[in-house]
Amino acid sequence: MNFTAAVLGTAFAALMLTAKLQAAPEIGSELPVTPLPAEAKVEAAASASTPAAMRVIDLRSGASCKIASAEPTKGALAPLPTTPECAQSAELRRISQWRTTQDGMLVLADDTGRTVLRFIPGDGVLYESVYPTNSVVTIVPARG
């Protein structure tokens, strides 16, 4: 009987201590704040901005090419400033125009305006292809 009482008492004390440690701070008490160094603030601001250029990668063929500008037009199609490496991929070879839609999709089209690839904003990448469904193309920030 004493053993059970000791175990229950210890468990109750541990529970109370855990609850106290996890409780929100009392009103009026302040948590210590350590300011970020200036370099960290600059890096965070730079990563939140739009990249100066993007790289389109066809994951099937391994071909990739650079898009010199990271700002597609909204609504109407505009010329797509790509590099010659796009010719190494059958899908990328056809693209020559681009635009964004009101719902945030990126559309890459051929010279007649027909959609070749359609992308949505990606998770971990700038854009992921969604059309055609068998397409495996991604867009990432360009380096250099």
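Mentor: Let's start with a definition: two strands pair if DSSP finds at least two bridges between them. Strands themselves are DSSP runs of E with at least two residues, numbered from the N terminus. This is a predicted model, where local features need pLDDT of at least 70, side-chain atom pairs count only at pLDDT 80 or more, and totals for chains, interfaces and linings use all residues. Residues are numbered from 1 along each chain as its sequence is written, and side-chain values use heavy atoms, with hydrogens and water left out.

Trainee: How do you know that β5 pairs with strand β6 (residues 115–121)?

Mentor: Four bridges join β5 to β6, and pairing takes at least two, so the two strands pair. They run antiparallel. One partner to look for is F119 in β6, which bridges to L106.

Trainee: Which residue takes a positive phi in the hairpin of β5 and β6?

Mentor: That is G113, with a phi near 95°; the hairpin has five residues between the strands.

Trainee: What joins strand β4 (residues 97–100) to β5?

Mentor: Four bridges do, and these strands run antiparallel. Here Q97 stands opposite A109 in β5.

Trainee: Which way do the residues of strand β5 (residues 106–109) point?

Mentor: L106 and L108 point one way, V107 and A109 the other, and all are buried. In a regular strand the side chains alternate between the two faces of the sheet.

Trainee: Why is K66 called partly exposed?

Mentor: Buried means under 20% relative accessible area and exposed over 50%, with partly exposed in between (1.4 Å probe, protein chains only). K66 has 22%, so the label is partly exposed. You will find K66 in strand β2 (residues 64–67).
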